[in-house]
Amino acid sequence: MNIEIIRAEMRREDEKSYIGTTVFRAEGEKSIYEVTFMSKNGKDWDYSLHFTEQSGDEEELLRMDELLENDDDVYDKLLDAALDAFPA
């Protein structure tokens, strides 16, 4: 699946934890999504997926969430975009 990264950012919340976001559009989907990544150690990541601009179809959101759960390449692309935006 083609994923277009619209914007990404990452910041440190304290000495060890990170929070970042990647805004993206997936090929064939109507909505624009934002995934928020959170980590207490910079290695183990949790995420939260939601619509960016306006609410959309819940079925569409559930399909995208399932894609993130099952497709490591898509998940890694979105996480890497956020990590690459972290100021050095």
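A salt bridge is defined here as a side-chain nitrogen of Lys or Arg within 4 Å of a carboxyl oxygen of Asp or Glu. The model is predicted, and local features therefore need pLDDT of at least 70, side-chain atom pairs count only at pLDDT 80 or more, and totals for chains, interfaces and linings use all residues. Residues are numbered from 1 along each chain as its sequence is written, and side-chain values use heavy atoms, with hydrogens and water left out.

The structure holds four salt bridges. In one of them, glutamate 4 is paired with arginine 25, the closest N and O atoms being 3.6 Å apart. Glutamate 4 belongs to strand E1 and arginine 25 to strand E2, so the pair ties together parts that are 21 residues apart in sequence; helices (H or I, at least four residues) and strands (E, at least two) are DSSP runs, numbered from the N terminus. Accessibility is classed as buried at under 20% relative accessible area, exposed at over 50% and partly exposed in between (1.4 Å probe, protein chains only). On this scale glutamate 4 is partly exposed at 43%, and arginine 25 is partly exposed at 32%.

A salt bridge also joins glutamate 9 to arginine 11, with the closest N and O atoms 3.7 Å apart, and Glu9, Arg11 and Glu13 are linked in a network of salt bridges. Glutamate 29 and arginine 63 meet through their side chains at 3.9 Å, N to O. This pair links distant parts of the chain, since glutamate 29 lies in the loop between E2 and E3 and arginine 63 in helix H1, 34 residues apart. Glutamate 29 is buried, with a relative accessible area of 17%, whereas arginine 63 is partly exposed at 46%.

Helix H1 (residues 58-70) has 13 residues and reaches 18 Å from its first C-alpha to its last, close to the 18 Å expected at 1.5 Å a residue, where the expected span is 1.5 Å times one less than the number of residues. Glu60, Leu61, Met64, Leu67 and Leu68 of H1 are buried. They cover an arc of only 120 degrees around the axis, which puts them on the same side of H1; the arc is that of the directions from the helix axis to the C-beta atoms. Glu58, Glu59, Glu69 and Asn70, on the other side of H1, are exposed. The buried residues of the helix pack against strand E2 (18-26), strand E3 (32-39), strand E4 (46-51) and helix H2 (72-84), contact being taken as heavy atoms within 4.5 Å. At the N-terminal end, H1 is capped by aspartate 57, a side-chain oxygen of which lies 3.2 Å from the backbone nitrogen of glutamate 59.

A nonpolar core is a set of buried Ala, Val, Leu, Ile, Met, Phe, Trp, Tyr and Cys residues joined through side-chain atoms within 4.5 Å. Of the 21 residues in the largest such core, Phe24, Val35, Phe37, Leu49 and Leu78 touch the most other members. Two or more residues each are given to this core by strand E1 (3-12), E2, E3, E4, H1 and H2, and the largest share, five residues, comes from H2. Neighbours within four places in sequence being left aside, the contacts of valine 35 include Phe24, Leu49, Leu68 and Leu78.

Definitions and conventions. Polar contact = N/O pair within 3.5 Å; in protein donor to acceptor, adjacent residues only side chain to side chain.
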